[in-house]
Amino acid sequence: MGAVSFTHTAPANAEGFDSFLNSSNAFQAEQIVEGSVSVIADEVADTNQEAVEEEAEEKEEATLEELSKQLDEFDEKLSGYEDSLEKVEELAGNKSIVVSGSSKSTMKVSGRVHVDAWGFDHDENINDIAANDTDENNRLGFRRLRFGVKGKIKDNMIYKIEMELAGGNASEFRDAFIGWTDLPFLQEVLLGNQKRPYGLDHLNSSRYNVFIERPFVIEAFNEDARRLGLQAYGISNDQAWNWRYGVFNGRNVQDEGNYVGDHLQLEIAGRMANTLWYDQTSGGRGYAHWAVSGSHSDVSSNQDEDEGAVAESRFRTRPEARTAGTRWLDTGRIAGLDYYNLLGLETVVNLGSLQFVGEYQSNWGERDGAEDIHLHGAYAYVSYFLTGEHMPWDRESGTLGRVTPFENFWLIDRAGGGKAAGWGAWQVAARLSYADFSDEDVQGGEAESLTLGLNWHWNTNARMQFNYITGEIKNRTDLVGTGNYDVYGARFMVDF
């Protein structure tokens, strides 16, 4: 019975085992498939999550970049607003700016006071041409008393009016013009009384010149410098080149107001200047400059003052000092002069406290009914700051600038006793000057001089100057032989 039972049970168990195996395999396969699907799903989910996170990060970075950009733009605008506020504060606190009568224009007041003292010592020959045929007396007085205003008129116009109390008892104008700025090609144009564009020592302001008075040739060929004219001013983008050129009436009308005459006596003149070296790193303590200038002047033939429009054919100057009025070099009105041509050369080299300056001017006169003439002259000087300062250079105009002492001059009593002082800036200089205004029948004189100078700069707007001049004059109609002279001069000056 047991055997029978065993025989019949075994096949049943085998089938069950097979079913079990099949079920187990199916379950395992299902588990494997489900696991794989789960893994794949997880990986897909992870991938999608990473993509979403990356996209979110990119958007966040883009947002931050845009925000940073906006913050930078805001900082720039804020900086501009701060600069504008500083300018407003500066203008509001600038007591030198005066409110003009028009809301669309500005006005700035300026002025200068020059007080001079002169002493003369010369021989009998000079007596023949000195004032009243006698020794020049010692002189004390005002060399310049000037007061002026200048400003801007909307949109691109400027103006200037500067008056001079000449001799302390008569009024004359100096700079007096209207102008236009920021013009295409021309840049700046002035119409009115202004300096003719030749002679560095005349183009320099009397506020900055190293010596008290200007050299023979500069003053003689461009007496009083300013004329009524139309002149354009320009400068290159790198400030290496600057130029000015224009047309002028030859008559000095500063004390007359206008010119009357059928002959306009027009002059065409210009100057091209180059700052060929400028040391930016030292703040301009080193630089080199050269320039060439010239003019062509058409002169009236009239020699009679009673007939008006008298010929502007006279070249004259003082002995590089302020005499009573007599010019010690004087051609008189040159007979038959039809026109003259002027050529000027100039150079400046500045090495820290040391400076070299030189100019030469040549004048060729064409005459009717007489021989042509040639007049010329030159000067050269060297200057040095004992206290280490330097002569600044204005590249826009090609002229000297304002000296800034390392330490201003001052002297006070200390609260605890004793005194305290600042010494200002001290400068020494020496100039050689030459002029020959005698040729053919024209005997204006030939002169040579040596000037020694000492300048004491109290601050940027005040200084004291002392000059000693020794020289001689010959080939002058009034002289027999050579006349020798010595001159001592001092100036106290402020400008504002």
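This is a predicted model: local features need pLDDT of at least 70, side-chain atom pairs count only at pLDDT 80 or more; totals for chains, interfaces and linings use all residues.
**The chain as a whole**
- The protein chain runs to 496 residues, and 43% of them are buried.
- Take the contacts with a separation of 6 or more: 61% of those are between residues 24 or more positions apart.

**The largest nonpolar core**
- This core has 50 residues, and the ones touching the most other members are Phe221, Trp328, Ile473 and Tyr485.
- Among the elements that give two or more residues to the core are α4 (216–221), β2 (107–122) and β13 (337–351). The list also includes β20 (425–439), β21 (442–459), β22 (462–476) and β23 (483–495).

**Salt bridges around Glu213**
- Side chains of opposite charge can pair when their charged atoms come close.
- The whole structure turns up 23 salt bridges.
- One of them joins the side chains of Glu213 and Arg143, at 2.8 Å from N to O. Glu213 sits in the loop between α3 (200–203) and α4, while Arg143 is in strand β3 (139–153), so the bridge ties together parts 70 residues apart in sequence.
- Glu213 also pairs with Arg491, where the closest N and O atoms are 3.2 Å apart. Arg491 belongs to strand β23, so this pair ties together parts that are 278 residues apart in sequence.
- Buried means under 20% relative accessible area. Glu213 has 10%, so it counts as buried. Arg143 is buried too, because its value is 18%, and Arg491 is buried at 1%.

**Other charged pairs**
- Glu267 forms a salt bridge with Arg196, with 2.7 Å between the closest N and O atoms. That pair links distant parts of the chain, 71 residues apart: Glu267 is in strand β9 (266–278), and Arg196 is in the loop between β6 (187–195) and α3.
- Both Glu267 and Arg196 are buried.
- Elsewhere, a network of salt bridges links Arg112, Arg146, Glu162, Glu164, Glu172 and Arg174.

Notes
Residues are numbered from 1 along each chain as its sequence is written. Side-chain values use heavy atoms; hydrogens and water are left out. Buried means under 20% relative accessible area, exposed over 50%, partly exposed in between (1.4 Å probe, protein chains only). Contact means heavy atoms within 4.5 Å. A nonpolar core is a set of buried Ala, Val, Leu, Ile, Met, Phe, Trp, Tyr and Cys residues joined through side-chain atoms within 4.5 Å. Helices (H or I, at least four residues) and strands (E, at least two) are DSSP runs, numbered from the N terminus. A salt bridge is a side-chain nitrogen of Lys or Arg within 4 Å of a carboxyl oxygen of Asp or Glu.
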